[in-house]
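Hi,

Here is the structure I promised to pass on.

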Amino acid sequence: MELTTLWFTLIAVLFTGYFILEGFDFGVGILLPVLGRDNRQRRAMINTIGPVWDGNEVWVITAGGAMFAAFPHWYASLFSGFYLLFFAILVGLIIRGTAFEYRGKGDTDRWRRNWDRCLFAGSVAPAFVWGVVVANLVRGVPLDANFDYTGSIWGLLNGYALLGGLTTLLLFATHGAYFLHLRTTGDLADRARRLGWKLGVATAVPALAFLLWTQIAYGNGASLVLIVLAVLALAAGLALDYKDRSGWAFAATALTIASASAAVFCALWPDVLPSTSDAANSLTHENAAATQKTLGIMTWAAVVFLPVILLYQGWTYWVFRKRVMVERIPVA
């Protein structure tokens, strides 16, 4: 396998892992005002992701760093052209992180409600905008001969991209509901299961439309197989959640996200950022790549450090694997 192919694959894996792990984080934040009937329930919901949310963000930081080093032209064109979209994601993540840290610093209901609103907004915005980014990535954008983006922010808010944003927003909310069903007990878990089933049904329509649009307009044989797998996994998640199989339902939505993400990257290949103005201006895995020496050094670094990171994060999930019980949350 060529090093450019290897690093495109690794970057795709890193983004896929991020969407799976941060997806349920976003989902919990989105559902906070819906499922949390009082402060104890909202505190329990936050506690399910409290030990892991910041570790989950390491995946996207690593993906961005790998893109910068392995495909500098891709990184430059993407982050300059999509600047406002990434800025919106960053603001959302900052607000969300601040809410996690400051929510418990005050004793009044008003203080906590305000930070809960920040946590909700800081989850909704990235969940939606990431779908817009990914959709535009596979659709392509206008690039000139220097690989500079020549469009505007309004060009990124096209119908296909907005449908992608709606899909990720609803899919992450469903993923979060299944996660809460898995990690909580009692009434909160029961309501998460019922809401998860409803959200799964609501997600099916835009998700199917987005995946079909992707396959018809940009897909290939590999993406078709992955899209079929994503649809089957989403349907399986609905059935498993209905039968109160929380762990398997959560695994099914994780597989849905993984398959859909992989399908997008397969549809994108061999480009990394297609040009809609002139195909000759498209960035590919070859003309966007760093030197072979750089890629070689990065490969050895990944071989050494990536297993350590995976083992550490796996250990974190194992330590905090027990369910969170509302009755053990102190009354404020």
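Predicted model: local features only at pLDDT ≥ 70, side-chain atom pairs only at ≥ 80, totals over all residues.

Residues are numbered from 1 along each chain as its sequence is written, and side-chain values use heavy atoms, with hydrogens and water left out.

The protein chain has 13 helices and 2 strands (DSSP runs, H or I of at least four residues for helices and E of at least two for strands, numbered from the N terminus). Its C-alpha trace spans about 60 × 35 × 35 Å along the principal axes. Of the 332 residues, 52% count as buried, meaning under 20% relative accessible area with a 1.4 Å probe, protein chains only.

Now the cavity. On a 1 Å grid over the protein atoms alone, that means a set of points where a 1.4 Å probe fits but cannot get out; lining residues have an atom within 4 Å of a point. Searching the whole structure for cavities of 30 Å³ or more turns up 1. The largest cavity has a volume of about 90 Å³, counted as the space filled by probe spheres set on the grid points, which are joined across faces, edges and corners.

Its lining includes Phe-15, Met-67, Trp-130 and Val-264. Two or more lining residues come from each of α1 (3-35), α7 (109-139) and α12 (246-268), with α7 giving the largest share, 4 residues.

Cheers

How values were computed. 1 Å grid on protein atoms, 1.4 Å probe; cavity = no way out; pocket = protein on both sides within 12 Å on 5 of 7 lines; lining within 4 Å. Buried < 20%, exposed > 50% of the residue type's maximum accessible area, 1.4 Å probe, protein only.
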